[in-house]
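Please brief me on the pocket, the strand pairing and the disulfide of the structure shown here.

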Amino acid sequence: MKSIFLNIFIVMAIGLLTITSCNNSKKSTAYDGTYVGTMPCADCSGIYTEITLSGNEYSIKRIYQGKGDEAIFTDEGTYSWDPNSQILTLNGDPSEQYRIDEETLIALDMDGNPIDGEWAEMYILKKK
């Protein structure tokens, strides 16, 4: 009788560990990685931008070039992904939207459209 209870306990312990490890693991996606580029800046030579995606979390680093060490900004949080529109939304304050296109993140305007004009290429971050 003791061995039956011991077996049940062992099976339950293994099941609990399996469930716990599955819930704590980050979901890897095809677009996980680091994307970099230099975006336009009104009062500097450019904003070096680095976005790293991992699971459903992001980190972003912005360096305002030519402004010194005090012009380095970082943020992190979660993002959401719409597979139909291929739009990724960084859930920061304010939120930012990007369209994933193969090995790039394309910054979108407030209406969810790609930024056009002479600086359009500078709003594209490339995967490292």
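**Largest pocket**

The largest pocket is lined by Met-39, Ser-95, Glu-96, Gln-97, Tyr-98, Ala-107, Leu-108, Asp-109, Met-110, Ile-115 and Tyr-123. The model is a predicted one, in which local features need pLDDT of at least 70 and side-chain atom pairs count only at pLDDT 80 or more, while totals for chains, interfaces and linings use all residues. Residues are numbered from 1 along each chain as its sequence is written, and side-chain values use heavy atoms, with hydrogens and water left out.

- Among the residues of this lining, 7 are nonpolar, 2 are polar and 2 are charged.
- Strand S6 (residues 96-101) gives the most to the lining of the largest pocket, namely 3 residues, a strand being a DSSP run of E with at least two residues, numbered from the N terminus.

**Strand pairing**

- Strand S3 (residues 57-64) pairs with strand S4 (residues 72-82) in the antiparallel sense over 7 bridges, where pairing requires that DSSP finds at least two bridges between two strands; Ser-59 has Glu-76 in S4 as its bridge partner.
- S4 also pairs in the antiparallel sense with strand S5 (residues 87-90), over 4 bridges, and Trp-81 has Leu-88 in S5 as its bridge partner.
- The hairpin of S4 and S5 has 4 residues between the strands, and Gln-86 takes a positive phi near 65° there.

**Disulfide**

- The whole structure holds 1 disulfide, a term for a pair of cysteine sulfur atoms within 2.5 Å; Cys-41 and Cys-44 form this link, with their sulfur atoms 2.2 Å apart.
- The link of Cys-41 and Cys-44 is right-handed, with 120° about the S-S bond.

Definitions and conventions:
1 Å grid on protein atoms, 1.4 Å probe; cavity = no way out; pocket = protein on both sides within 12 Å on 5 of 7 lines; lining within 4 Å. Nonpolar A, V, L, I, M, F, W, Y, C, P; charged D, E, K, R; others polar.
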